[in-house]
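Subject: The structure I promised you

Hi there,

Have a look at it first, then read on.

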Amino acid sequence: MAGGHEFEPRIVGFLCNWCCYAGADLAGVSRYQYPPNIRIIRLMCSGRVDPAFVMRAFLDGADGVFIGGCWLGECHYVTEGNYDALSVMHLCRKLLSQIGVSPERLRIEWVSASEGIRFAEVMGSFVDKLKATGPLGKAEGIDEDLLKLKLEAVINLIPYIKLVERERLRVRFATEEEYNEYFNSDELNKLFKELIADKLTTSQILLHLRKNPLSTGEISGIMGLGPSEVSNHMNGLSRQGLVSYDAGRKRFALA
């Protein structure tokens, strides 16, 4: 790195009050050594982590986001929120991949109140991983302004994404392996593309048009999409009354 300084990743951690936060507290009391890169936000349950929390953390400059909860089957609430947190993590990872950000920047782990040393080890491992990955955006080759636009596009779409998740994507399995298998299945990938990926593309287009009018070719170049795909998106936005076309300038603009 410039000036001989090693990159130090910034991490935002969302920890459940009963287990992971208590484990982090025990790590401190016991003086277990771990990197001081994490900034902790305590929640009563990991199931309270909203996709918007994750994306806003990245928008505000975090290089990584950590979710810590009770071990599966040991949630302190009858709703078993840590299963919901696991689904949120997988969904957010797919959203990050869709906008070109490494999904490995988001991590979930289970840490009990008595596992201070495990918390320290997990933090050390996550920091090492992020150091190897590099700074957010730069490591992915995404311009800072473009990355902010992409994250804003995701955040704007989250109310719709949460509705889709509740109606079409919500599942409950017994093990992490089953969640991993489901969220990497062809069935889920097809649903994600049909229900979310295309909406995310149009969300990004609208944010680009908020800056200035653009032609089909310019949108194609900025977004990395084929002209026919851009035309399909613009036709849909026009029918919804969200954009208008200036035939004289051959540019689309927000309606």
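Let's begin with contacts, meaning heavy atoms within 4.5 Å. Among contacts between residues at least 6 apart in sequence, 73% join residues at least 24 apart.

Before going further, a word on where this comes from: this is a predicted model, in which local features need pLDDT of at least 70 and side-chain atom pairs count only at pLDDT 80 or more, while totals for chains, interfaces and linings use all residues. Residues are numbered from 1 along each chain as its sequence is written, and side-chain values use heavy atoms, with hydrogens and water left out.

**The overall picture**

The chain has 9 helices and 6 strands. These are DSSP runs numbered from the N terminus: helices are H or I with at least four residues, strands are E with at least two. Along the principal axes, the C-alpha atoms fill a box of roughly 70 × 50 × 25 Å. Of the 255 residues, 49% are buried. Here buried means under 20% relative accessible area, exposed means over 50%, and partly exposed is in between (1.4 Å probe, protein chains only).

**The sheet**

Four strands make an open sheet in the order S2-S1-S3-S4, with parallel pairing. Two strands count as paired if DSSP finds at least two bridges between them. S2 and S4 are the edge strands, each pairing on one side only. From one strand to the next, the twist averages 20°. In general, strands of a sheet pair through backbone hydrogen bonds, either parallel or antiparallel.

Val-12 stands opposite Val-65 in S3. Next, look for two helices. H2 lies across S1, S3 and S4 and runs at about 145° to S3, while H4 (residues 116–133) lies across S1, S2, S3 and S4 at about 160° to S3. For those angles, axes are lines fitted to C-alpha atoms (for helices, over the stretch in contact), and angles run from 0 to 180 degrees between N-to-C directions.

**The cores**

A nonpolar core is a set of buried Ala, Val, Leu, Ile, Met, Phe, Trp, Tyr and Cys residues joined through side-chain atoms within 4.5 Å. The largest one here has 53 residues, and Met-55, Leu-106, Leu-169 and Ile-196 have the most contacts inside it. Elements that each supply at least two of its residues include S1 (11–16), H2 (51–59), H5 (144–169) and H7 (186–211). The largest share, 11 residues, comes from H5. A second, separate core of 14 residues includes Leu-15, Ile-38, Val-111 and Phe-119. As background, in soluble globular proteins nonpolar side chains tend to be buried together.

Not counting residues up to four places away in sequence, Met-55 touches Cys-92, Leu-95, Leu-96, Leu-151, Val-154, Ile-155 and Ile-158.

Is Glu-109, a charged residue, buried or exposed? With 17% relative accessibility, Glu-109 counts as buried, and Glu-109 lies in strand S4. Its side chain makes a polar contact with the side chain of Arg-107 (3.0 Å). A polar contact is a pair of N or O atoms within 3.5 Å; within protein, one must be able to donate a hydrogen and the other to accept it, and residues adjacent in sequence count only if both atoms are side-chain atoms. Leaving aside neighbours within four places in sequence, Glu-109 is in contact with residues including Phe-66, Gly-69 and Arg-118.

Gly-69 sits in strand S3 and is buried, with a relative accessible area of 0%. Gly-69 and Glu-109 are 40 residues apart in sequence, but 6.6 Å apart in space, C-alpha to C-alpha. Other residues that Gly-69 touches include Cys-16, Ser-46 and Trp-110.

**Cysteines**

How many disulfides does the structure hold? The count is 0, where a disulfide is a pair of cysteine sulfur atoms within 2.5 Å. For Cys-75, the closest cysteine sulfur is in Cys-45, 4.0 Å away, so the two are too far apart for a bond. Cys-75 is buried, at 16% relative accessible area, and Cys-19 is buried as well, at 6%.

Arg-31 has a positive phi of about 60° although it is not a glycine. You'll find Arg-31 in the loop between helix H1 (20–29) and strand S2 (38–43), exposed at 72% relative accessible area. Glu-80 also has a positive phi, about 50°, and is not a glycine either. Glu-80 is in the loop between strand S3 (64–69) and helix H3 (81–98), and is partly exposed at 28%.

Happy exploring!
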